[in-house]
Amino acid sequence: MPFPKLRIGRNDPCPCGSGLKYKKCCLGKPPDQIVDVRELYFQRYRIRLKKPEEIEGIRTAGRLAIETLDRVEALIRPGLATEEIDRFVAELTASHGGVCAPLNYEGFPKSVCVSINEVICHGIPSSRRLQEGDIVNVDVTPILNGFYADASKTFFVGQPGPQATTIVRVARRCLSLGVQQVRPGATTGDIGWAIQSYAEQQGCSVVRDFVGHGVGLDFHEPPQIPHYGRKGQGLTLVAGMVFTIEPMINLGTYELKVLDDGWTAVTMDGSLSAQFEQTVLVTPSGYEILTPFD
């Protein structure tokens with residue numbers, strides 16, 4: 001990939017597309033050794049680095065995801081059936097011209113995942129009603145104009161107890177610390193290390209069986225984003241990558257079991273589990289959250 005016919009400053013973004021500064025990437029390399037990062041990451045990892053118009057599409061879907069979660073939060077109360085959440089999300093998404101990605105995905109029967117207390121993820125909405133003191137994670141993935149955005153929050157139902165307060169606080173902080181690691185040149189291991197280190201310092205554990213993932217043009221794309229790991233290890237991040245960070249944090253052991261429905265994952269010891277999730281873009285200078293909430 002030849003250099004453009006213009007002067008490139010040492011601190012300018014490298015023309016190879018890595019997102020790194022020119023001085024830290026291809027400065028001094030002959031033109032025939034400069035790699036097209038977009039092509040390299042697709043050929044080697046099947047990762048599709050997103051173009052500006054694709055990023056805008058994902059960003060728009062992300063706004064719908066956050067509007068949906070904000071409106072769901074206003075509904076949360078003791079006595080609400082989880083199937084009512086499912087119906088609300090489906091109708092709201094359709095009213096914006098969107099489609100709920102979970103519905104019929106590999107046989108999943110509902111439009112949204114609703115996971116209560118010891119349920120780690122993939123809870124199937126049903127006639128079960130929320131009770132005072134529960135915690136409930138709602139995970140939404142709207143498809144809007146062909147673009148996907150994925151986000152989730154864990155909510156308190158009424159007045160939370162001390163264990164519920166702790167696990168939700170830790171899970172939310174884990175997401176924030178993971179996102180803060182995102183920048184060109186960082187690694188997936190940096191994200192996992194930040195999350196795991198904090199969770200374990202707080203006496204909690206990080207689920208290993210489920211990870212974050214690429215998203216945007218499909219529901220699940222490469223790469224996988226583990227929420228545990230070692231700093232400096234794993235895949236190097238480059239500008240244009242879009243993926244979820246969605247740590248699932250347990251108050252007890254990280255071990256789990258999947259119920260007979262084939263979807264619902266619960267903590268092995270019955271302890272509480274909480275999760276927060278955002279869709280994140282790697283930018284040339286750091287990151288942008290495409291599903292922004294505080």
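Buried means under 20% relative accessible area, exposed means over 50%, and partly exposed lies in between (1.4 Å probe, protein chains only). This is a predicted model, where local features need pLDDT of at least 70, side-chain atom pairs count only at pLDDT 80 or more, and totals for chains, interfaces and linings use all residues. Residues are numbered from 1 along each chain as its sequence is written, and side-chain values use heavy atoms, with hydrogens and water left out.

**Stop 1: a charged patch**

Select Lys24. It lies in the segment before α1. Lys24 is exposed, at a relative accessible area of 64%.

**Stop 2: helix α2**

Select residues 52-75, which form α2. Helices (H or I, at least four residues) and strands (E, at least two) are DSSP runs, numbered from the N terminus. How far apart are the end C-alpha atoms of α2? They are 35 Å apart, which agrees with the 34 Å that its 24 residues should span at 1.5 Å a residue. The expected span is 1.5 Å times one less than the number of residues.

Color the buried residues of α2: Glu54, Ile55, Gly57, Ile58, Ala61, Gly62, Leu64, Ala65, Ile66, Thr68, Leu69 and Val72. An α-helix has 3.6 residues a turn, so residues three or four places apart point the same way.

Go to Glu53, also placed in helix α2. Glu53 is exposed, with a relative accessible area of 53%.

**Stop 3: salt bridges**

A salt bridge is a side-chain nitrogen of Lys or Arg within 4 Å of a carboxyl oxygen of Asp or Glu. Side chains of opposite charge can pair when their charged atoms come close. How many salt bridges does a search of the whole structure find? It finds eight.

Show Glu288 and Arg59. Their side chains meet in a salt bridge at 2.8 Å, N to O. This pair links distant parts of the chain: Glu288 is in strand β17 (residues 286-289) and Arg59 in helix α2, 229 residues apart. Glu288 is partly exposed at 25% relative accessible area. Arg59 is partly exposed too, at 21%. Glu56, Arg59, Arg63 and Glu288 are linked in a network of salt bridges.

Slide along to Asp70. Its side chain meets that of Lys153 in a salt bridge of 3.5 Å, N to O. Here too distant parts are linked: Asp70 sits in helix α2 and Lys153 in strand β7 (residues 151-156), 83 residues apart. Lys153 is buried, at 8%.

Next, select Arg48 and Glu221. Their side chains form a salt bridge of 3.7 Å, N to O. Arg48 lies in the loop between α1 (37-45) and α2, and Glu221 in strand β10 (residues 221-225), so the pair ties together parts 173 residues apart in sequence. Arg48 is partly exposed at 32% relative accessibility. Glu221 is buried, with 7%.

**Stop 4**

The peptide bond from Pro222 to Pro223 is cis, with omega near 5°. Pro223 lies in strand β10.

**Stop 4: helix α4**

Select residues 162-179. These 18 residues of helix α4 should span 26 Å at 1.5 Å a residue, and the end C-alpha atoms are 26 Å apart, which agrees. Buried residues in α4 include Ala164, Ile167, Val168, Ala171, Cys174, Leu175 and Val179.

**Stop 5: two loops**

Find His122, in the loop between β3 (119-121) and β4 (135-140). Its phi is near 65°, a positive value in a residue other than glycine. His122 counts as partly exposed, at 24% relative accessibility.

Finish at Asn145, in the loop between β5 (142-144) and β6 (147-148). Phi of Asn145 is near 55°, a positive value in a residue other than glycine. Asn145 counts as exposed, at 66%.
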